Amino acid sequence: MQATENQNDRAVYWGTGRRKSSVARVRLVPGQGKMKINGKPGDLYLQFNPQYLSAAKAPLETLGLENDYDILVNVTGGGLTGQADSIRLGVARALCELDPDNRQPLKSEGYLTRDPRAKERKKYGLRKARKAPQYSKR
């Protein structure tokens, strides 16, 4: 993805993050460090949970840029944990687009690794993915 020029002649950096079944499309815009998720303030959307907020902003804090860029996010699917982690990956990818030198510190912190774990599908004859009905010999 390429950085694009906004209508205000400001550079916009894009990144896409995924986790479980959630997908976050992240834009980094020069600003004061505000976060907007699906049109709502970030802390309100993530229910004022400091764990989710710090996870979403962690790549910016690693590079010391938390007050230099606004984060604008469209996120769909999954729950709050998956959405917060997908936002973190999207922010990290956008920061790599901003400056390729950012890649090394973000990679060493593990922010550029996509977590492959997802829910296993249910199989026929079972109650869940692996849970079998109770066995009775007679």
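With which residue does Lys 123 form a salt bridge, and how far apart are the closest N and O atoms? Lys 123 forms this salt bridge with Glu 120, and the closest N and O atoms are 2.4 Å apart; the term salt bridge stands for a side-chain nitrogen of Lys or Arg within 4 Å of a carboxyl oxygen of Asp or Glu.

The model is predicted, and local features need pLDDT of at least 70, side-chain atom pairs count only at pLDDT 80 or more, while totals for chains, interfaces and linings use all residues. Residues are numbered from 1 along each chain as its sequence is written, and side-chain values use heavy atoms, with hydrogens and water left out.

**Salt bridges**

By the rule given above, the count comes to 5 salt bridges. Among them is the contact between the side chains of Asp 115 and Arg 19, which meet at 3.4 Å, N to O. This pair links distant parts of the chain, since Asp 115 lies in the segment after α4 and Arg 19 in strand β2 (residues 11–19), 96 residues apart; helices (H or I, at least four residues) and strands (E, at least two) are DSSP runs, numbered from the N terminus. Glu 120 also forms a salt bridge with Arg 130, the closest N and O atoms being 3.1 Å apart. Both Glu 120 and Arg 130 lie in the segment after α4, so this pair ties together parts that are 10 residues apart in sequence. Salt bridges that share partners join Arg 19, Asp 85, Asp 115 and Arg 117 into one network.

The table lists relative accessible areas for residues in these pairs, where buried means under 20%, exposed over 50%, and partly exposed in between (1.4 Å probe, protein chains only).

| Residue | Relative accessible area and class |
|---|---|
| Arg 19 | 9%, buried |
| Asp 115 | 22%, partly exposed |
| Lys 123 | 25%, partly exposed |
| Glu 120 | 37%, partly exposed |
| Arg 130 | 69%, exposed |

**Strands around β6**

Two strands pair if DSSP finds at least two bridges between them. Strand β3 (residues 22–30) pairs with strand β6 (residues 69–76) in the antiparallel sense over 8 bridges, and within this pairing Leu 28 has Ile 71 in β6 as its bridge partner. Strand β4 (residues 35–37) pairs with β6 in the parallel sense over 3 bridges. Here the bridge partner of Ile 37 in β6 is Val 73. Ile 37, which is placed in strand β4, counts as buried at 0% relative accessibility. The C-alpha atoms of Ile 37 and Ala 24 are 9.4 Å apart in space, although the two residues are 13 residues apart in sequence.

**Backbone angles in two loops**

Asn 38 has a phi near 50°, a positive value in a residue other than glycine. Asn 38 lies in the loop between β4 and β5 (40–41) and is partly exposed, with a relative accessible area of 35%. Gln 47, which is not a glycine either, has a positive phi of about 60°. Gln 47 lies in the loop between α1 (42–45) and α2 (50–63), and with a relative accessible area of 57% it is exposed.

**The segment after α4**

Tyr 111 is placed in the segment after α4 and counts as buried at 13% relative accessibility. Arg 127 also has its place in the segment after α4 (103–109), but Arg 127 is exposed, with a relative accessible area of 55%.
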